Amino acid sequence: MMSNVISRGELWLETLVPGAKRIAGLCPSVQAADGELNGEVVRFIAVVPDAHNHYPRATKGEVGLLEGWTLAKVVSETVAADANSAVKRPIVAVIDVASQAYGRREEGFGIHQALAGAAAAYANARLAGHPVIGLIVGKAMSGAFLAHGYQANRLIAFNDKGVLIHAMGKESAARITLRTVEALEKLAATIPPMAYDISNYATLGLLENLLDISNPDAPSTQDLTLVKDTLQQAINDARQDPTLKSRLGADNRRSSALVRERMRASW
């Protein structure tokens, strides 16, 4: 079943694996398919809108109960299928997720466990030797991002105003901090970890690449070539260095790097 709304995640999944058969047995809001990069099979996974989702809070690309457990299922099955392979299949998380699915039923049925299961599956894949790459094409918000993509060896994002990475939506953050959205935006512009734009996020050192795409909603042949080449380089880099230490290289992470150095020295 296809969703009624084409999201960037769905668009880019199809762009990267045009016409590829989707993996069967998944909920409609999680789509996965095997494609090819530089002659190697790569598994691509995206969370997409599903207007007919069993849970109304998860109709617009949110990551809820079904999505969390289904992500865990497809990633874990990928790891199991490659358990005896010398070279592990790369996994690319195509990321455009609005948030986790807030709701009373979701809380009661254990959304925290579902999302933790997804995050753990990606972490296990990385630790098992699978290069895990997160391609952020749209929103990467809150617990949804933690469940789908944040555990990647390398994170790549589009340099576009439609790309937002944050722990909380603007309206929610404004309510929590007792500010208007306008006041929140003004404050956030002065504090990189609070900012919503991708350029500020890039200063935190978590991105491997920030790509200038001519039109993320209608990618050109050149855009696709750039994305594929960058994904392939990230896969190669992840195989050479599977750690996450590259995330501490930015100026705004100096304190984090220093704390780790002192902890290692103490222990």
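1. Helix α6 gives the largest share of the lining of the largest pocket, three residues. The elements giving two or more residues to that lining are β4 (132-141) and α6 (170-176); helices here are DSSP runs of H or I with at least four residues, strands runs of E with at least two, numbered from the N terminus.

2. Before going on: this is a predicted model, where local features need pLDDT of at least 70, side-chain atom pairs count only at pLDDT 80 or more, and totals for chains, interfaces and linings use all residues. Residues are numbered from 1 along each chain as its sequence is written, and side-chain values use heavy atoms, with hydrogens and water left out.

3. Back to the pocket, which holds about 440 Å³ of space. Its lining has 19 residues, with A98, S99, Y102, G169 and E171 nearest the centre. (A pocket is an open set of points on a 1 Å grid over the protein atoms alone, where a 1.4 Å probe fits, with protein on both sides within 12 Å along at least five of seven lines; lining residues have an atom within 4 Å of a point.)

4. V97 sits in strand β3 (residues 91-97). At 0% relative accessibility V97 counts as buried (under 20% relative accessible area, 1.4 Å probe, protein chains only). Leaving aside neighbours within four places in sequence, V97 is in contact (heavy atoms within 4.5 Å) with residues including V47, V63, M141 and F145.

5. On helix packing, W12, T15 and L16 in α1 meet D223, L224, V227, K228 and L231 in α9.

Methods:
Points joined across faces, edges and corners; volume = space filled by probe spheres on them. Buried < 20%, exposed > 50% of the residue type's maximum accessible area, 1.4 Å probe, protein only.
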